[in-house]
Amino acid sequence: MVKNFAHRGFSGKYPENTMLAFEKALEVGIDGIELDVHLSKDGELVIIHDEKVDRTTNGTGLVADMTLAQLKELDASAEYAGVYGINRIPTLKEYFELVKDKEIVTNIELKTGINPYPGIEEKTLAMIDAYGLREKIIISSFNHYSVKKFKELAPDIICGFLEESWIIDMAGYAKAQGVECLHPIFNAVTGEYAKAAHDAGLAINTWTVNTREDMEQMIARGVHGIIGNYPDVCKEVIEVYRD
Ligand code: G3P
Ligand code: MG
């Protein structure tokens, strides 16, 4: 059955990539959580989407220019400021403390597409190993060099290539590079795309699928995972298609 991944946690109703959004996703009863990881100035793995803190916090500047202590001073509530109290930028360690005993998969998106954050792959793997979570992780990135590096460090951890540009023969390319998953924008998951992935033995985890109609279409195309901002809605849709 298709897997329900909460995109940046339950980001449709709570501040994205915060512990609150992750806790609320768990309350829904999801199969997995997708989150975005950067490195702070002092080399800590922090969960935030953008290179800058401006959009999602009450601060300004680059994540890479701020220490963890400086990042922790910010409120990552964004448009929910004052609604759910103060929500700090989580570390990956704090997140693992929450989910270490839960039966969910975590899709860690390495945000190495703009800043390659040298060493982020090794640090992420060390944190995964500190919690013994290798079997509950999918690593993805728009930076396929970063994914490939991670795959070389940990061949047993499932990896996927993120893409949003309708690449020709994506399945053949991904298969040749040794990853197990394709992580395409959902618009690009045509019947032809899905067939090529299935024929190559690749799983499709597609994003950001937020409407019932799109969820139904992705299920019909045989995707493995749906990554969306409304895991509550996705859960309902998946229930209808349960065997
Ligand atoms: O990992 C799926 C999706 O999160 C990729 O795009 O920009 O939302 O991180 P973005
Ligand atoms: Mg992401």
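**Exercise 1. Find how helix 4 and helix 5 are placed relative to each other, working from their axes.**

Step 1. Locate the two helices: helix 4 covers residues 120-130 and helix 5 covers residues 144-153. The structure is a predicted model.

Step 2. Look at the axes, which come within 10 Å and cross at roughly 45°.

Step 3. Classify the angle. Under 35 degrees would count as roughly parallel, and 65 to 115 as roughly perpendicular. The two helices, helix 4 and helix 5, are therefore oblique to each other.

**Exercise 2. Work out which residues make the contact between helix 4 and helix 5, and into which kinds they divide.**

Step 1. On the helix 4 side, pick out Glu121, Glu122, Thr124, Leu125 and Ile128.

Step 2. On the helix 5 side, pick out Ser146, Lys149, Phe150 and Leu153.

Step 3. Now sort the residues of this contact: 4 are nonpolar, 2 are polar and 3 are charged.

**Exercise 3. Step back and describe the protein chain as a whole.**

Step 1. Start with the secondary structure, which comes to 9 helices and 9 strands.

Step 2. Take the dimensions: along the principal axes, the C-alpha trace spans about 50 × 35 × 35 Å.

Step 3. Look inside: buried residues make up 55% of the 243 residues.

Step 4. Finish with the contacts. Of those with a separation of 6 or more, 52% come from residues 24 or more positions apart.

Note on methods
Residues are numbered from 1 along each chain as its sequence is written. Chains are lettered from A and ligands numbered from 1 in the order in which they are written. This is a predicted model: local features need pLDDT of at least 70, side-chain atom pairs count only at pLDDT 80 or more; totals for chains, interfaces and linings use all residues. Side-chain values use heavy atoms; hydrogens and water are left out. Axes are lines fitted to C-alpha atoms, for helices over the stretch in contact, and angles run from 0 to 180 degrees between N-to-C directions. Helices (H or I, at least four residues) and strands (E, at least two) are DSSP runs, numbered from the N terminus. Angles under 35 degrees count as roughly parallel, over 145 as roughly antiparallel, 65 to 115 as roughly perpendicular and the rest as oblique. Contact means heavy atoms within 4.5 Å. Ala, Val, Leu, Ile, Met, Phe, Trp, Tyr, Cys and Pro count as nonpolar, Asp, Glu, Lys and Arg as charged, and the others, Gly among them, as polar. Buried means under 20% relative accessible area, exposed over 50%, partly exposed in between (1.4 Å probe, protein chains only).
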